[in-house]
Structure formats: structure tokens, C-alpha cells
Amino acid sequence: MAISSPPIDQVGALPAQDGWLAITHQFCRRRPLGAIGAAVIVVMFVVAVAAPLIAPYDPVVNDFGGMLAAPSRAHWLGTDAFGRDVLSRLIFGSRTALLVGFGSSVLGATLGAVLGVASAYFGGRVDLYLQRLMDIFLSFPLIILALALVAILGNSIPNLIVAIMIPMVPRAALVIRASALAIREMPYVDAARAAGFRHGRIILRHMLPNVMAPYLIMLTAFLGQAVLLESSLSFLGLGVQEPMAAWGLMLRGAAVEFAETAPWMAVFPGLAISLSVFAFNLFGDSLRDALDPRLRTQ
Amino acid sequence: MTKYLVKRFLLMLPTLLGVALVTFVLIRVIPGDVVELRYSGDRGAVSQDLLDKERARIGLDKPMWQQFATWLWGVVRLDFGTSMWTGAPIWEEIKLRFALSLQVAIMATIVAVILAIPLGVLAALKQDTWVDYSVRIFSIAGLAMPSFWLGIVLILLMLVVFKWLPPMVYTPFWVSPWQNLAQLIWPALAVGYRYSAVATRMTRSAMLEVLREDYIRTARAKGLMQKLILSRHALKNAMLPVMTVVAIEFAFLIGGLVVTEQVFNLNGIGLLFVQAVAHRDYTLLQALVMLVAGLFIVVNFLMDAAYAWIDPRIRYR
Amino acid sequence: MRRRPVLALLTLLLALAIVGVVPVVAQDKPRSGGELIFVVPSEPPSYDAHQEETFGLIHPTAPHYNTLLRVDPNDRTGTKPVGDLAESWTISKDALTYTFKIRKGVKFHDGSEMTSKDIKASYDKILKPPPGVKSLRKEAYEAIASIDAPDPTTFVVKLKYPESSMLLNLASPWNWIYKADLLAKDPHYYETHIMGTGPFKFVEHVKGSHWVGKKNPDYWDKGKPYLDGYRAIFISNSAAQVAAIRGERAMIQFRSFSPPERDQLVQALGNKITVQESPWDCLNFVSMHHEKKPFDDKRVRRALSLALDRYEGSKALSKITLVKDVGGIQVPGTPFATPPAELEKLAGYGRDIAKNRAEAKRLLKEAGVPDGFAFTFKNRGIPHPYEPLGIWLIDQWRQIGLNVKQEFIEASAYHPMLKRGDFEVAMDFQCGFIVEPDLDLPRFLSTSDANYGRHKDKALDDMMHQQGRATDPEQRKKILRQFEKRLLDEEAHVIYTLQWHRIVPHLAKVHGWTITPSHYLNNQLDTVWLSE
């Protein structure tokens with residue numbers, strides 16, 4: 001899946017520092033969809049952090065006496081094939097989703113941004129080689145690259161984060177580069193160079209603030225993708241492993257086989273994944289609208 | 001124009017070469033090899049001597065650079081070798097699966113375009129109204145649901161509610177169009193819906209951008225009906241970025257449908273990929289990657305050409 | 001005089017009762033006609049059974065061939081050798097010479113006659129493969145000194161030493177009989193071509209899609225096969241396989257379905273479905289690396305086995321995955337299996353789990369393993385039954401104070417990992433194609449390549465050799481009991497978990513197929529018929 005965006009070489013800088021509260025208020029009022037998305041994300045965070053406190057049961061302990069139990073007062077979302085509480089596993093699963101999701105998207109977007117800016121700023125040979133390198137990695141479908149990387153690295157969580165992050169770097173680099181190029185061409189950059197400012201300073205003070213917007217947009221776009229990719233990999237058996245709790249993992253094997261007799265095993269993790277990816281996308285979408293001056297309402 | 005095209009064409013080659021090299025190295029880094037896998041299945045031990053002889057027969061004992069050179073030389077002559085797992089020529093392994101994946105990709109793209117363009121235009125026209133919101137929610141929902149979940153639910157629904165199952169075996173379109181479509185329409189819908197999300201977003205933003213152009217404002221001021229404006233001015237100019245997105249997504253559909261193919265039991269390229277990785281079938285994997293990457297690169301090139309033709313400024317960058 | 005009819009009636013009733021209790025294979029007379037459609041989860045890499053070991057080859061291709069001997073397709077234990085191409089045989093008094101009388105009038109699918117020459121050529125290929133050709137089962141025939149075809153209907157096998165399992169060994173489903181002339185021209189011929197004497201002729205194989213065979217009208221077993229043909233469809237996704245049978249597009253899958261899949265089919269199709277179940281000649285056991293501490297201490301190994309509540313596990317796990325019976329070194333119900341009452345005497349097989357676990361904790365303490373000791377358990381990344389068994393094992397070990405982390409290794413990388421010895425505790429498996437100690441147990445020899453735990457136990461090796469040479473079955477049983485006790489109890493070299501369980505639900509209109517403990521057996525399809 002490619003990340004696409006309008007040619008954002010003319011994206012403006014972030015809105016002037018108006019006070020965070022005011023900005024948030026404005027955002028909620030003007031873009032209710034995005035606000036809802038953001039709210040869901042915040043809830044997810046809280047749940048993930050407070051997991052040991054909120055979860056009613058230990059997510060790994062087997063209880064063969066109560067296996068495949070329907071939702072009841074004791075188990076709000078039922079139990080799975082090993083008698084483990086679905087709700088608790090869902091709660092702890094949010095940790096995995098956020099850890100892998102945020103880890104890989106932040107790393108991927110950041111690394112991509114660095115490469116994109118470097119490529120745009122230094123131009124010439126550097127640009128040519130970096131571009132070719134990015135093109136090469138872009139040609140692999142996302143899941144194939146992740147598959148291969150997991151096969152090489154193994155499927156512990158840090159390795160999973162790396163495997164999911166790597167396909168994202170070239171996509172971010174491409175978009176950020178386009179943005180940075182526009183800045184690079186501006187006269188004041190050349191003036192700064194002429195005045196003797198060092199590379200680092202120019203990049204930090206002039207280019208970076210201007211690529212913040214596309215960077216944030218890429219980041220939120222990646223979040224949803226990362227969560228989906230992690231669940232796909234877990235579903236294929238290449239992601240997080242038992243008995244850890246992870247949403248994609250919960251959808252594997254027994255959940256499918258018992259889909260008719262014990263549907264709660266498959267329905268709730270599927271909902272959790274959909275909801276979180278939905279929220280990430282809503283928020284990202286609205287963020288893009290907010291930051292792109294050409295899309296502002298008249 | 002030609003100079004630009006030639007330049008872009010020449011740039012394709014190092015990319016392709018790079019892809020070949022990266023694939024070659026990447027898959028050989030994965031632990032385990034095809035010989036090991038084939039002969040230590042359920043029962044365990046096979047003599048080391050037998051394994052070594054097999055490796056020599058397939059050519060795995062030669063140094064890496066030599067293997068690469070031999071393979072590359074074959075590729076140049078369009079000979080992709082034989083599968084390390086079955087011994088059959090690569091094209092024979094791929095052709096049926098490629099036909100299927102290609103058809104699903106085409107059908108999914110059609111579905112995506114049919115959904116995306118009207119919805120995107122609608123959302124742009126009615127920006128920030130509830131119409132806009134519902135369109136966005138609808139399209140993002142397609143993006144958010146895991147494809148395997150959707151597939152499982154769909155098949156279950158068909159079985160339980162309609163008591164009907166799509167055909168299990170692939171029949172090419174010219175053999176029996178009904179059987180063919182009956183099998184492939186479902187994944188095409190599921191995948192098409194998913195990909196329409198990106199295209200809808202693209203159409204919407206491109207449309208918005210164009211609607212702000214001066215000449216559109218002028219046309220409105222002159223009192224032309226909105227419909228006319230849309231169909232002749234706005235839409236034409238908005239189409240370019242949308243086309244790009246659709247084309248690139250299409251290229252990815254050929255190899256990227258791994259999970260969907262599993263769920264709908266489609267014998268396509270995605271499934272072949274997974275099997276090839278599981279079998280460590282280097283020759284097949286390399287051929288598949290070259291196919292998918294090659295497709296992507298070629299589509300990119302065609303898009304570049306289209307852009308350059310439409311917007312002459314690009315040629316001089 | 002009046003008693004006779006009553007006696008006759010009683011006898012008749014008794015006979016009917018017996019017949020009724022035995023799983024009925026064919027209630028009516030077999031009906032000819034129809035095409036059997038079945039699903040196969042994986043595809044054959046090549047067509048030569050001498051060089052492959054996947055069921056993906058056996059299921060679609062075995063119907064094209066015959067073997068010298070085969071396992072009786074109507075016997076549920078899968079342990080009785082009967083003749084296929086061999087009409088009858090005699091064994092010399094010293095058990096060193098086996099003389100087979102070969103059927104006359106058997107034709108290959110191209111019309112040429114099959115003689116003992118072809119049998120000899122095929123076995124030559126298995127025992128002494130030409131350069132460039134592999135034979136995977138060469139080592140199983142170590143005992144054979146020579147093979148001969150003195151005349152077209154006689155085939156003689158001479159052994160170096162007596163081997164009680166030789167007949168079953170020769171009944172291997174992999175030893176397809178090929179045509180001598182074709183092998184002489186090109187020893188690789190059978191890797192990509194089909195030419196056999198079997199009940200079905202080859203029609204087509206579309207890669208990734210299906211395999212078609214049609215009835216051999218000149219088959220030597222007159223009246224058979226009953227089917228007009230068969231079609232094997234390759235479907236790798238198990239949910240799709242279930243859907244296919246549920247939608248009645250396919251009739252059977254010859255490997256196995258999981259318990260919830262069976263329940264789904266039974267619920268959906270009611271009496272249109274027949275379910276056949278059997279213990280499987282496959283078992284997962286835990287291998288511990290004998291050269292790594294603390295697993296070099298047999299007290300630790302015993303503790304790990306004592307911690308497992310096998311009986312509760314059997315009850316619960318048999319609902320969700322492919323395991324059921326608590327077994328020892330041979331499949332329960334087969335001639336050499338230990339009766340359950342005897343089995344309970346082994347460590348970890350007792351019924352008092354509280355006592356066992358207390359003992360386990362005591363042993364760990366004695367061996368100096370602290371409470372909360374952590375180690376990594378490596379498992380193969382396969383859904384059934386590896387993953388559920390892994391989850392179960394970890395939870396059981398948790399209850400004796402061990403903190404075990406599970407690491408899944410992708411199926412493809414698993415064997416290299418085991419061979420390298422890159423593990424402390426790992427899941428291993430023991431799968432055979434015929435239930436026979438000589439075929440199931442050689443991996444536990446100190447010298448075996450498959451002895452990944454690297455245990456060295458001369459007593460065990462000696463017992464293994466002894467049972468192989470023992471010609472008296474009772475004597476053999478005794479030695480095998482001792483072997484089992486030493487392997488699982490005294491030294492606890494490995495930890496047997498639960499016996500795999502094979503579940504084959506199929507459409508009720510399929511008759512004539514009897515389940516056995518091996519999914520490699522009974523696939524020639526000559527006895528199968530459809531009732532509608």
C-alpha cells in the first residue's frame with residue numbers, strides 16, 4: 001500500500017503558536033471527526049499504560065475449567081480456547097499494538113525525514129544515490145519486505161518494530177524530500193549559505209520547521225498501517241508470539257475455527273484493530289486538512 | 001521530451017539491478033535452505049552427504065557472486081531458471097497465479113475507481129458538511145478493517161446465510177466467464193473497497209485544489225451549471241494525481257495481497273510469495289520480486305511520462 | 001431337534017451384533033461410478049515417492065501406483081501387511097530369506113507387462129540409488145543383503161540378520177513400483193512423469209490448482225476401482241478446506257481436521273457427514289539439551305515431566321486441537337503399545353497430579369534449581385497442535401515455579417536450529433508412516449542424527465537392537481517396555497506430551513475408506529466407492 005498525498009511542496013508551516021489549549025479547542029470545533037479520532041487514541045494510551053491496573057484477569061494464565069465461555073458477568077467479553085479472559089487480553093494487547101505501532105512509525109517517519117531532508121539539502125550525487133536506494137526499497141510490497149525481515153531477524157518485539165519500520169522509511173523519505181526541495185529552492189536558504197551559516201544550522205532552523213507538517217501527516221498515516229501490518233504478521237504466524245497478548249494473534253487459529261460457536265473470540269479483537277486504525281486515520285486525515293493551507297474552508 | 005524519457009528509462013535500470021541484488025542477498029540471509037527443508041520434514045534425519053549432493057546439484061554450493069552472476073546472465077536472456085522446490089521452469093509456476101492476481105488487481109481497481117471518483121468529488125463539493133463526513137468515514141472504514149477479518153466474515157456470511165460458496169478452482173475468463181467472475185468478484189470487492197479509500201482521499205483533495213483555481217471561479221461567475229464546470233474543467237485537471245495513485249496501487253496489488261489470498265483461498269502471487277519464502281525457493285522468490293518490482297517500476301515510469309506530457313515544466317527539471 | 005433353529009438364530013444374532021459393533025465400512029454392496037473430489041493441503045514438489053516424504057505427494061499420486069506389499073486398507077490399526085503386487089510369500093525357517101510370488105497379468109498404464117524385473121529395478125533404486133538420485137529410506141533397509149528376480153513371477157529378498165519388521169518395512173507406502181525400462185533409460189524420469197500399474201491413470205496436474213486421475217479399465221484387481229475417477233484440489237488454507245466440504249464441493253480431506261472444524265461440519269451437515277477418528281502415529285515430545293545445564297541433570301528432566309497433568313490436558317486440549325490420548329512410545333491400540341494401567345506407573349503418567357507436582361518441586365530444589373528459574377522453550381510455528389501444546393506446557397511448568405518464555409521459530413528454520421543444538425528445551429516430534437518400533441524409535445539411538453537432545457545411553461541402544469532382532473512378539477514387547485521405562489521414566493531423556501489425534505470428517509456418501517493412524521496409508525483409493 002502506498003502512502004499518497006497531494007503534492008505538498010507548498011505546505012505551510014505549523015500554525016503560529018496560539019497557545020495549545022486554543023489550538024486544541026479550534027481543532028475540536030472545526031474538525032469533529034479528527035477530534036473523535038484523537039480522543040480514541042488518548043483512551044488507547046491510557047488503557048495501555050494502566051493495563052495491569054484495569055485488566056480483571058492475568059492474560060496468560062490458562063483455565064481449562066472455563067474455556068470457550070460466552071460473555072458473562074465474570075468475563076465481560078468471554079474466554080478463549082484456553083480459558084483466558086478476552087477482555088484482559090484485549091487490554092494487554094493494546095500495549096503491543098501501541099508499542100509496535102508507535103515504535104515503528106516514529107522510527108520509520110523520523111529516519112525517512114532525515115534521509116529526505118539530507119537528500120534534498122545536499123542534492124547532486126547524494127540525492128541521486130539516496131533516491132535510487134529509496135526506489136529500490138519502495139518497489140517491494142510492504143508485507144513482503146516485512147515478511148522477509150521477520151524471517152531473518154526473528155520475531156521478538158524489537159525485531160518486529162525494525163521489520164515494520166524499514167518499509168516505511170523510503171515512503172516517508174519520498175514525501176519529505178518533495179517538501180524539503182521546495183524550501184531548498186527558496187532564496188533565503190542560499191542567502192544563509194552565502195552568509196556563512198553552517199549546514200546544521202540551516203537545516204535545523206529553516207528546513208525542519210517546514211517539513212514538520214508532512215512529517216506529522218506521514219507519522220499518523222504510518223500508525224494505522226503499522227498496527228494493521230503487525231496484526232497481519234501475527235495472523236500469518238510471523239508476529240508476536242504466544243502466550244503474549246496481541247490483537248492480531250488473538251485472531252489466529254482458534255478464533256477462526258470457533259467463529260460460529262464462540263464468535264466473541266474473533267469479533268472483539270477485530271473490532272479493536274479496526275477501531276484503532278480508524279481513529280489513527282481519522283485524526284491523520286483531519287490533521288492533514290488542518291495543515292494544508294489549500295484545503296482550508298473558504 | 002524524448003531526452004527526458006530516455007533519462008527516466010535509464011534510471012530504471014540501476015533500480016532494477018538494485019532490487020535484484022537486495023533480494024538476492026536478503027533471502028540468502030534468512031536461515032535455513034531449500035534442501036534442508038525438503039528432506040527433513042516429518043521424520044527428521046537424512047544423511048549430510050545426501051544434503052550436500054543436493055545442494056551441489058541445485059548450485060547452492062558455489063560462491064554468492066557466482067550464483068548472482070549466473071542468475072543475472074539468465075535474466076538478461078529472459079531465462080529465470082527452474083524452481084528449487086519443484087524443479088519446474090519458473091514461468092510454468094508463475095503463469096496461472098499471475099493471471100489470477102492480475103485479474104483480481106484489475107477488477108479491484110475498477111471497483112476502487114467506481115467508488116472513489118464519485119465519492120471524492122461529492123465530498124469535495126460538499127466539504128465539511130455531513131456528506132463529506134460520511135464519505136470520509138465510509139472510506140476510512142475500508143482502510144481500517146483488517147482484510148483477513150473482512151474475508152472471514154464475508155465467507156461465513158455467504159455460507160451461513162446464503163448457503164452458497166464461490167468456486168474453489170480458478171477457471172480463466174475465456175473458459176467460463178461465469179465461474180471466473182463468481183470466484184473473483186468477492187476478493188475484488190473486498191480489496192477494491194479497501195483501496196478506494198486512498199483514491200477517494202486523493203480525488204477529494206485534488207478536486208478541492210482545483211475548485212479554488214481562478215478559472216473555475218470565473219466559470220461559476222459566468223453562471224454555467226456546476227455540472228458542466230465539473231465535467232469539463234475541474235475533473236480533467238484533478239485526474240492526474242488520482243491517476244498516479246490508482247496506477248501505483250495497482251502495481252502493489254499484484255504481490256501485496258498475501259493475507260487476502262489466504263482467506264479467499266486464491267491461488268495468486270501473494271500466496272506463492274509466502275510459499276516461496278517458507279520453502280526458501282531462491283529462484284522462484286527472485287523471479288517473483290523482479291516481476292512485482294519490475295511492474296512497479298514500469299508503472300512509475302509510465303506515470304512519469306504521462307505527467308511530463310501533460311505538464312511540460314516537469315521535463316526541464 | 002428344536003434347539004437347532006434357536007441356536008442358529010442366536011448365532012446369527014451374535015454375528016450381527018459383532019458386525020454392528022465393528023465400524024462399518026460398507027453396509028451395502030459397493031456401487032461403481034462417480035468422481036471422488038478431495039482436498040489436499042499442499043502440493044507435491046516432484047513426482048518420485050522414493051525421493052519425497054510429504055503427504056502432498058501421496059494423496060494425489062498414490063492411486064497411480066502399486067507397491068510390493070501394502071498395509072491392509074481395511075485394518076484400523078494400520079499394522080497388517082498384505083500383498084499388493086505380491087500374491088503370496090514364504091519366509092525361510094531362519095527368517096533370512098523372503099520369497100514373494102508376483103501376480104501375473106499386471107499391466108503398466110502404457111500396456112506393457114509388469115514382472116519381477118520391474119520390482120527389482122525399483123528396489124535397486126531405493127537401496128542403491130544411482131549417482132544424482134536420492135533415496136530417502138535407504139537406511140531403513142540396512143538389514144537387506146541382496147534382492148533377486150530369478151524369474152518373472154518370483155522376487156527374493158535375503159537379509160543379513162533377522163528383522164521382525166521387514167514385512168511391514170516392505171509395505172511402505174513410498175516404495176512405488178516403477179517400470180525397469182524407463183528407469184534404465186533415465187533414472188530421473190519419475191521425478192516429472194507418472195507411469196505405474198495402479199487403479200487410476202494420470203490425466204492432468206495443473207500447478208497450484210488440481211490433479212485429476214481416471215479409472216484404469218485394465219486394473220489387475222477385477223471389479224476395482226469402483227470410482228470413475230478422482231479430482232484432488234489443492235487448498236492450503238484450512239478454513240477454506242472446511243468451507244469446501246461444508247458447501248459439498250469436496251467430499252473428504254485425507255489428512256485431518258481440528259476438533260472445532262469437525263464440530264462445525266457435524267453441526268452444519270448433520271447426517272450427511274461421517275466422522276472417522278483414530279490416534280495418529282505422530283507425537284510431540286520435549287527435547288532437552290543434555291549438554292546444557294541444568295538439563296544435564298535427570299532430576300530436572302523428570303521434574304519437567306512430572307509437572308504435566310496429562311489427563312486433564314487430554315480432556316481439555318482434545319476439544320481444541322489435534323491431540324487426545326495419553327500415550328507411550330507406540331500408538332495406543334496397536335500391538336506393541338503399553339496398556340494404560342501399565343503406563344500410569346511411569347513418571348508423569350500417574351493420576352495424582354498434586355503428588356506429582358510436589359515431587360517435581362522437590363526434585364528441582366534438590367538439583368539446585370531456584371524457584372522462578374527462567375528458560376526459553378523453542379517451538380515450531382505451526383498452529384496445530386504445536387502452538388496449543390506450547391501454551392499448555394508453559395502454563396503447566398509455571399505451576400511448579402518455572403518461568404518459561406516461549407520462542408517460536410518459523411517452521412522452515414526449525415530443523416537447522418535443532419541440528420545446531422541451538423536450544424535449551426525445544427519441541428520435537430516423532431512421526432511415522434507405519435506403526436512399527438523399528439520405524440518409530442531409531443531416533444533415540446545415541447548415534448542417530450535425529451537425537452537432537454544429544455543423549456548418550458548405551459543401555460537404550462542395546463535394548464533397541466535387541467527388540468529389532470527378537471522374532472518372538474512377546475519377547476519384543478518385554479524389551480520395548482524396558483526401553484520405554486528407561487527413556488521416559490528413569491532417565492527422562494525426552495518428555496512425551498500427548499498423542500496426536502486424527503479426525504477425518506467426510507461426506508456420508510463416501511464409503512470404503514478406513515482411517516488408520518497414518519495419513520500416508522490407505523490412499524490408493526481402489527476400495528473407495530460413492531453411494532450416490
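Student: How many residue pairs are in polar contact between chain A and chain B?

Tutor: In this predicted model, the count between chain A and chain B is one residue pair, taking pairs with both residues at pLDDT 80 or more. Salt bridges between chain A and chain B number zero.

Student: Then which elements of chain A supply residues to the side that touches chain B?

Tutor: Helices H2 (32–49), H5 (124–138), H6 (142–153), H10 and H13 (264–291) of chain A each supply at least two residues. H13(A) has the largest share of that side, with 14 residues. By residue class, the side of chain A that touches chain B divides into 31 nonpolar, eleven polar and ten charged.

Student: How much area do chain A and chain B bury between them?

Tutor: About 4800 Å², with 72% of it on carbon and sulfur atoms. The contact takes 52 residues from chain A and 54 residues from chain B.

Student: Now chain B and chain C. What do they bury between them?

Tutor: Chain B and chain C bury about 3600 Å², 53% of it on carbon and sulfur atoms. Here 41 residues of chain B are in contact with 44 residues of chain C.

Student: How many salt bridges does the rule find across the interface of chain B and chain C?

Tutor: Two. In one salt bridge, Glu93(B) pairs with Lys207(C), and the closest N and O atoms are 3.6 Å apart. That separation counts because the cut-off is 4 Å.

Student: Which elements of chain B give two or more residues to the side that touches chain C?

Tutor: Helices H2 (34–38), H3 (48–58), H5 (90–125), H7 (147–162), H11 (258–263) and H12 (269–279) of chain B. H3(B) gives the most, with five residues. The side of chain B that touches chain C divides into 21 nonpolar, ten polar and ten charged residues.

Student: How should I read a nonpolar core?

Tutor: Start with the general idea. In soluble globular proteins, nonpolar side chains tend to be buried together. Now the case here. The largest nonpolar core has 222 residues. Those with the most contacts inside it are Ile94(B), Leu317(C), Trp397(C), Leu402(C), Phe483(C) and Tyr496(C). Helix H10 (residues 199–236) of chain A gives the most to this core, with 16 residues. Apart from it lies another core, of 86 residues, including Met168(B), Tyr98(C), Ile126(C) and Ile245(C).

Student: Which residues is Trp397(C) in contact with, leaving aside its neighbours within four places in sequence?

Tutor: Val286(C), Leu304(C), Ala307(C), Leu308(C), Phe375(C), Phe377(C), Leu402(C), Val404(C) and Val425(C). Leu402(C) is also among the residues with the most contacts inside the largest core.

Student: Next, single residues. Is His205(C) buried or exposed?

Tutor: His205(C) counts as buried because its relative accessibility is 15%, and the cut-off for buried is under 20%. Its place is in strand E8 (residues 200–206) of chain C.

Student: What polar contacts does the side chain of His205(C) make?

Tutor: Its side chain and that of Glu43(C) are joined by a polar contact of 3.0 Å. Another polar contact, of 2.6 Å, goes to the side chain of Tyr47(C). Beyond its neighbours within four places in sequence, His205(C) is in contact with Glu43(C), Tyr47(C), His210(C), Trp211(C) and Phe234(C).

Student: And Lys158(C): where is its place in chain C?

Tutor: Lys158(C) is in strand E7 (residues 154–159). At 37% relative accessibility, it counts as partly exposed. Not counting residues up to four places away in sequence, Lys158(C) touches Leu96(C), Thr97(C), Ala143(C), Ile144(C), Ala145(C) and Ser146(C).

Student: How many residues apart in sequence are Lys158(C) and Trp211(C), and what is their C-alpha to C-alpha distance?

Tutor: Lys158(C) and Trp211(C) are 53 residues apart in sequence and 39 Å apart in space. Trp211(C) is one of the contacts of His205(C).

Methods: Residues numbered from 1 in each chain as written. Chains lettered and ligands numbered in written order. Predicted model: local features only at pLDDT ≥ 70, side-chain atom pairs only at ≥ 80, totals over all residues. Heavy atoms only, no water. Core = buried A, V, L, I, M, F, W, Y, C linked by side-chain atoms within 4.5 Å. Buried < 20%, exposed > 50% of the residue type's maximum accessible area, 1.4 Å probe, protein only. Helix = DSSP H or I, 4+ residues; strand = E, 2+ residues; numbered from the N terminus. Contact = heavy atoms within 4.5 Å. Buried area = accessible area lost by both parts, 1.4 Å probe. Salt bridge = Lys/Arg side-chain N within 4 Å of Asp/Glu carboxyl O. Nonpolar A, V, L, I, M, F, W, Y, C, P; charged D, E, K, R; others polar. Polar contact = N/O pair within 3.5 Å; in protein donor to acceptor, adjacent residues only side chain to side chain.
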